[in-house]
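Have the sequence and the 3D picture ready, and let's walk through them together. We'll go one piece at a time.

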Amino acid sequence: MNLIIETRDLVKRYGKFTAVNSLSLEVPTGSIYGFVGPNGAGKTTTMRMLTTLTRPTSGQAWVAGHSVTEEPRAVRRSIGYMPDEFGVYDDMRVWEYLDFFAACYDIPENERKRLIEDLLELVDLTHRREDMVDKLSRGMKQRLSLARTLAHDPMVLILDEPASGLDPRARVEIRELLVELARMGKTIFFSSHILADVAEICTHIGIVEAGEMVVQGSMEEIVQLASHREIMVTVRDNEVAEQVQSLIAGTPDVIEVVILEQRGGRSRVRIDFSGDDDGVAAINQKLHAAGIQVLGFNEEIKDLERRFMELTKGIVT
Ligand SMILES: Nc1ncnc2c1ncn2[C@@H]1O[C@H](COP(=O)(O)OP(=O)(O)O)[C@@H](O)[C@H]1O
Ligand SMILES: [Mg+2]
């Protein structure tokens, strides 16, 4: 897999507080990668390290093959960054705003006019070119801000909460724009604190919490993980374990029933299951109804996984 953004054990501490903890990101080239987590999870801090605005405390990060600490200029040339705050631009017209940023990227004056028209067209703001920036709606400001990140035609867009604070219609517009940019060949790495908001358009997601990656992968992998639970049934011996297996195998939503090695003189059966809580209860009842002596029945979920299940509830139907 060809990664355009990669971090290895990335850490950022502020004094004693760890904002980003040993984070390893893998963003494939050409992906729309949703970086999802609640407020305070460390998303902005991670993006600021990737964009060379903040130095990592430890660990490494590469963007488009360049190290953020060793080759910050090359990194900056390959990215378009949209911060979470738009900033204040008094007395600037929409086209002047883009002209200003294009000039910052050393784009010659005679090329800028055409570029600005193209960018305005792309983000559907042509009809607003003479308006004052501060008078635009939040949705329009976000689109303008996105246009600005494209001025130097970067390979990677790093967008901090592009859809936050927008009304539903403006959110849809931003999402469509991101899909369009991906179609143009850009890799899009963007953050959101709402998983449901990004699930629809992402090819990949990473879920971060308290500075740590809970899980990341392609959308298909995530959906499969989120709908997968493990039920562990402890019984007296292998004979009973086999009874459990033949009884439960073939039950709706049961993926597999595996008899595990004995532990402490007891036999254990692992049931891989993709159903809901009612389904778990139904399995329990079925064992009971068959007169099987169940010594233990529990769902094996680690804390992070449990949190992940809650987060992904909305995207798995
Ligand atoms: N400059 C800073 N100094 C101290 N703490 C900070 C600083 N920047 C961010 N933090 C803390 O780091 C944590 C992660 O923040 P942030 O990266 O902004 O999260 P997110 O973008 O996911 O909401 C938060 O608890 C925040 O208060
Ligand atoms: Mg943030």
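What follows is a tour of a sheet, some helices and a ligand.

First, some ground rules: this is a predicted model, where local features need pLDDT of at least 70, side-chain atom pairs count only at pLDDT 80 or more, and totals for chains, interfaces and linings use all residues. Residues are numbered from 1 along each chain as its sequence is written, while chains are lettered from A and ligands numbered from 1 in the order in which they are written.

Let's start with the sheet. Here 6 strands make an open sheet with mixed pairing, in the order 7-8-9-4-10-11. Strands are DSSP runs of E with at least two residues, helices are runs of H or I with at least four, and both are numbered from the N terminus. Two strands pair if DSSP finds at least two bridges between them. At the edges sit strand 7 (79-82) and strand 11 (212-218), each pairing on one side only. From one strand to the next, the twist averages 15 degrees. Now find strand 4 (residues 32-36) and strand 9 (residues 187-192): they pair in the parallel sense over 5 bridges. For instance, V36 has S192 in strand 9 as its bridge partner.

Next, the helices on the sheet. Helix 6 lies across strand 4, strand 8 (156-159) and strand 9, and runs at about 155 degrees to strand 9. Helix 8 (residues 219-226) lies across strand 10 (204-209) and strand 11, at about 115 degrees to strand 11. Angles run from 0 to 180 degrees between N-to-C directions, and axes are lines fitted to C-alpha atoms, for helices over the stretch in contact.

How do helices 5 and 6 sit together? The axes of helix 5 (residues 138-149) and helix 6 (residues 168-183) come within 9 Å and cross at roughly 15 degrees. On the helix 5 side, R138, G139, Q142, R143 and L146 meet A170, E173, I174 and L177 of helix 6; contact means C-beta atoms, placed from the backbone, within 7 Å.

Finally, which residues are around ligand 1? They are Y14, F17, A19, G37, N39, G40, A41, G42, K43, T44 and T45, where near means a C-beta atom, placed from the backbone, within 6 Å. Strand 2 (17-23) and helix 1 (43-50) are the elements giving two or more residues to this shell, and helix 1 has the largest share, with 3 residues.

Note on methods
Two residues are in contact if their C-beta atoms, placed from the backbone, lie within 7 Å.
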